[in-house]
Amino acid sequence: MISKRVLSLAPYKTETTPAKIKLSSNELSVDFPEEVKKHIGEEVSKIPFNRYPDPEAHLLKETLAQRLGVSPENLMLGNGSDELIYYLSVGIGELNRGVFYPVPTFSMYRISAQVLGREKVEVELKEDFDIDIQKSVEAIQEKKPILAYFAYPNNPTGNCFSEEKIRRIRSLGLFTVIDEAYYPYSGKSFMEEALKRDDTVVLHTLSKIGMAGLRVGFMVGKEEVIRELNKVRLPFNITYPSQVIARLMLTEFYHLIEEEIKRVIKERERVYLELSKMEGIRAYPSCANFILFKSLRIPAELLHKKLVEEGVLIRDFSYMIPQCLRVSIGRPFENDAFLEAMERVLKKLQVFQK
Ligand code: PMP
């Protein structure tokens, strides 16, 4: 008795092939030092495992609010921002009104809309990966969606869409979600607008700054908007250990995270330059912690497979964008391993093609 909505659903894809160098999921490549983990472990051991956690995660919310310069009432927490995307698709507009998002993009917008039976209003990005405003306006006028998602920067393309185009689409009467999962690497945000407006929220996550295993995402918006959406949230959605660990990481150990973010931004520029120099490769500029690139001569699938054989795992996105792959930025030695493996594979395969 599984519904047609679910039967026809393409599942969320992840890359779990084991590899020595893992640059496939846009995580922070570095784990935290042993002594930090030991201290955190001691704090975790004080948790009463038999008790439910604080359903509102007050202490974690306060910590986040302080860091962001907002009030805790402006925040809603999710088991990853994935969960918040579900809640938004459940809570914004009636379910007979569609959901708009430019494609290719992060697949949870599609999945959450489809599971709920909402119409998916998808408009292809232009060749430069920015929003096609004319086609978007036409599709919105025809299909009248009520909710819009923008990944900012976009995953997997790595660019930030034009702010003016986002605002133009919002002005057509759509509740607008700005998914800023990669904000620490772009520094660009709609947060100020989200705090003032009834039709805008932003999403952030701890997953891209070293805490993917904790599953903590958060939404920032006007108190009145957050209060209503919070009714949709499953109680106790943030586990006790996640509340404790995230709070410690964001207070006592935040300097470690900041250092890593800076390093990743520097490395991103280096990897982009090195990839751009490679024959048969076109790299796209990125303001996130990953780079999308196109393989111009060798099938992307083959390149991906050969890199795995070299011990390097990246993501093959050719099912979404022809011939494109995405590499996450890791530690310098991991990025070197990737670049060297690329050189070797390209050399070998291009020679064989002659
Ligand atoms: N939004 C975007 C644009 C993403 O790329 C991702 C992670 N792939 C997420 C949201 C989900 O992040 P989280 O781990 O917080 O669920």
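**Exercise 1. How far from an oxygen atom of the ligand does a polar side-chain atom of Arg215 lie?**

Solution. The model is a predicted one, in which local features need pLDDT of at least 70, side-chain atom pairs count only at pLDDT 80 or more, and totals for chains, interfaces and linings use all residues. Residues are numbered from 1 along each chain as its sequence is written, and side-chain values use heavy atoms, with hydrogens and water left out.

Step 1. The separation for Arg215 is 2.7 Å. The protein covers 94% of the 400 Å² of accessible area that the ligand has on its own (Shrake-Rupley method, 1.4 Å probe).

Step 2. Thr205 places a polar side-chain atom 2.6 Å from a ligand oxygen. For Ser207, an N or O atom of the side chain is 2.6 Å from an oxygen atom of the ligand.

**Exercise 2. Describe the shell around the ligand and the pocket in which the ligand sits.**

Solution. Step 1. The shell holds 15 residues (each with a heavy atom within 4 Å of the ligand). The closest are Ser81, Asp179, Tyr182, Thr205 and Ser207.

Step 2. By class, six shell residues are nonpolar, five polar and four charged. In this scheme Ala, Val, Leu, Ile, Met, Phe, Trp, Tyr, Cys and Pro are nonpolar, Asp, Glu, Lys and Arg are charged, and the others, Gly among them, are polar.

Step 3. The ligand sits in the largest pocket (more than half of its atoms lie within 2 Å of the pocket's grid points). On a 1 Å grid over the protein atoms alone, a pocket is an open set with protein on both sides within 12 Å along at least five of seven lines, whereas a cavity is a set of points where a 1.4 Å probe fits but cannot get out; lining residues have an atom within 4 Å of a point.

Step 4. The pocket volume is about 780 Å³ (the space filled by probe spheres set on the points, which are joined across faces, edges and corners). Of its 41 lining residues, Tyr12, Asp82, Phe106, Asn155 and Lys208 lie nearest the centre. Two or more lining residues come from each of helix H4 (81-91), strand E3 (99-103) and helix H5 (108-115) (DSSP runs numbered from the N terminus, helices being H or I of at least four residues and strands E of at least two). The lining comprises 17 nonpolar, twelve polar and twelve charged residues.

**Exercise 3. How many cavities of 30 Å³ or more are there?**

Solution. Step 1. The count is one. The largest cavity has a volume of about 40 Å³.

Step 2. Its lining includes Pro55, Glu56, Lys61, Met76 and Arg233. Five nonpolar, two polar and three charged residues make up this lining.

**Exercise 4. Which residues does a cis peptide bond with omega of about 5° join?**

Solution. Step 1. The bond joins Tyr152 and Pro153. Pro153 lies in the loop between strand E5 (147-151) and helix H7 (163-170).

Step 2. Asn155 and Pro156 are also joined by a cis peptide bond, with omega of about 15°. Pro156 is placed in the loop between E5 and H7.

Key
Polar contact = N/O pair within 3.5 Å; in protein donor to acceptor, adjacent residues only side chain to side chain.
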